[in-house]
Amino acid sequence: MSYKDLPSLLDDVASRFTDVMAKIHATGRSARVVLTGGTAGTALLARLINAPIDWTRVEVFFGDERNVPVDHPDSNEGQARSALLSHVDIPESNIHGYGLDGGPMNAAVEQYRELVGDGGFDLHLLGMGGEGHINSLFPHTDAVRERDALVVAVTDSPKPPAERATLTLPAVQSADRVWLLVSGAEKAEAASHAADGADAAEDWPVAGAIGRKETVLFATEDATGPL
């Protein structure tokens with residue numbers, strides 16, 4: 001879907017997000033949602049502060065996290081708390097962070113694997129880098145090649161900081177809905193691969209971002225390129 005600018009994209013996605021939460025809650029269960037960082041992802045969260053969502057029935061996860069404490073400016077969880085989670089009535093027990101603190105990551109990654117479990121997600125929000133990375137899955141890395149584990153540690157991210165933890169492509173593909181939020185002319189080439197399918201995922205990780213029921217690319221006109 002194409003939009004004239006980022007604000008109009010975010011307004012529509014916020015409305016759709018609210019509708020999806022309502023439909024899930026109408027079934028009597030809680031929603032499992034994966035949040036994303038980045039400019040678009042964080043701006044979307046700010047738009048949801050006053051949305052009519054029952055946050056007591058939303059379980060929040062994070063697509064990736066830098067190996068820093070939550071109060072560090074680079075923390076995706078910290079940014080999400082500042083943008084949204086600290087402003088809505090969501091129980092602390094519903095916010096599932098990685099628990100990284102700048103030290104060894106293996107124990108935290110293992111705990112997050114257990115936390116994620118094998119039930120999948122209702123919705124996975126994703127941003128995208130100009131080279132097509134999603135979460136902390138960069139082209140031609142061990143993390144993007146992972147086909148079994150749902151969560152892995154990254155020690156060689158080409159984008160600082162080098163140490164991160166991330167959901168893998170199998171975890172992304174366990175979501176019923178995968179929504180990609182893309183803006184900027186520098187992302188046009190990568191956006192063109194978003195619809196090409198998982199075969200290109202090692203070169204363009206975004207190509208592996210496929211939901212079980214729905215995959216939607218929300219892009220501004222400058223990012224649609226040859227789509």
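**View 1. Surroundings of E77 in the predicted model.** Not counting residues up to four places away in sequence, E77 touches F62, E65, V70, I95, G97 and Y98, a contact being defined as heavy atoms within 4.5 Å. The model is a predicted one, in which local features need pLDDT of at least 70 and side-chain atom pairs count only at pLDDT 80 or more, while totals for chains, interfaces and linings use all residues. Residues are numbered from 1 along each chain as its sequence is written, and side-chain values use heavy atoms, with hydrogens and water left out. E77 belongs to helix α3 (residues 76-83), where helices (H or I, at least four residues) and strands (E, at least two) are DSSP runs numbered from the N terminus. E77 counts as buried because its relative accessibility is 6%; buried means under 20% relative accessible area, exposed over 50%, and partly exposed in between, with a 1.4 Å probe and protein chains only.

View 2. Strand β5 (residues 121-126) is joined by 5 bridges to strand β8 (residues 175-182), the two running parallel, and H124 stands opposite V178 in β8.

**View 3. N135 in its loop.** N135 is placed in the loop between β5 and α5 (142-145), and it counts as buried because its relative accessibility is 8%. Leaving aside neighbours within four places in sequence, the residues in contact with N135 are G63, D64, H124, L126, T166, L167 and V172.

**View 4. The antiparallel sheet.** Here 3 strands form an open sheet in the order β4-β7-β6, and their pairing is antiparallel. Both β4 (64-66) and β6 (151-154) stand at the edges with a single partner strand each, so one side of each is left without a neighbour in the sheet. On average, and with direction ignored, neighbouring strands of this sheet are turned by 15° against each other. Between β6 and strand β7 (residues 164-167), which run antiparallel, there are 4 bridges, and V152 stands opposite T166 in β7.

Definitions and conventions:
Two strands pair if DSSP finds at least two bridges between them. Axes are lines fitted to C-alpha atoms, for helices over the stretch in contact, and angles run from 0 to 180 degrees between N-to-C directions.
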